[in-house]
Amino acid sequence: MAKIKVKKVKSAINRTLQQKRILESLGLRKMNQVVEHDDTPSILGMINKVQHLVSVEEIN
């Protein structure tokens, strides 16, 4: 299964509670924090909801 790197690039201030909870469930709490996840449909769905706050990079 492929891996992806997710980096928080924008603040969650003035965002909805749902978006804040999605960021925390992805493991992103601080700015510029990077986490690795498997490329699963549930993770991709969460990333899609907060795509304006994160950057995504595929790992080979």
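A residue counts as buried when its relative accessible area is under 20%, as exposed when over 50%, and as partly exposed in between (1.4 Å probe, protein chains only). The model shown here is predicted, so local features need pLDDT of at least 70 and side-chain atom pairs count only at pLDDT 80 or more, while totals for chains, interfaces and linings use all residues. Residues are numbered from 1 along each chain as its sequence is written, and side-chain values use heavy atoms, with hydrogens and water left out.

**View 1. Gln-19, a residue of helix 1.** With a relative accessible area of 18%, Gln-19 is buried. Look around Gln-19 and you will find that it touches Lys-49, Val-50, His-52 and Leu-53, leaving aside residues up to four places away in sequence. Contact here means heavy atoms within 4.5 Å.

**View 2. Helix 1 meets helix 2.** Here residues 17-26 (helix 1) pack with residues 41-49 (helix 2) at an angle of about 140°, their axes 10 Å apart. That angle makes helix 1 oblique to helix 2; angles under 35 degrees count as roughly parallel, over 145 as roughly antiparallel, 65 to 115 as roughly perpendicular and the rest as oblique. Gln-19, Ile-22, Ser-25 and Leu-26 make the contact from helix 1, and Ile-43, Met-46, Ile-47 and Lys-49 from helix 2. Helices are DSSP runs of H or I with at least four residues, and strands are runs of E with at least two, numbered from the N terminus.

**View 3. Strand 1 beside strand 2.** Strand 1 (residues 3-8) runs antiparallel to strand 2, and five bridges join them. Two strands pair if DSSP finds at least two bridges between them. Strand 2 (residues 34-38) has Val-35 and His-37 on its covered face, and Val-34, Glu-36 and Asp-38 on its uncovered one. In a regular strand, side chains alternate between the two faces of the sheet.

**View 4. Val-56 in strand 3 (residues 54-59).** Val-56 is partly exposed, at 46% relative accessibility. Its contacts are Ile-4, Lys-5 and Ile-47, not counting residues up to four places away in sequence.

**View 5. Two asparagines in loops, Asn-14 and Asn-32.** Asn-14 sits in the loop between strand 1 and helix 1, and is exposed at 76% relative accessibility. Asn-32 belongs to the loop between helix 1 and strand 2. Phi is positive, near 65°, for Asn-14 and also near 65° for Asn-32. Most residues other than glycine have a negative phi.

Conventions:
Axes are lines fitted to C-alpha atoms, for helices over the stretch in contact, and angles run from 0 to 180 degrees between N-to-C directions.
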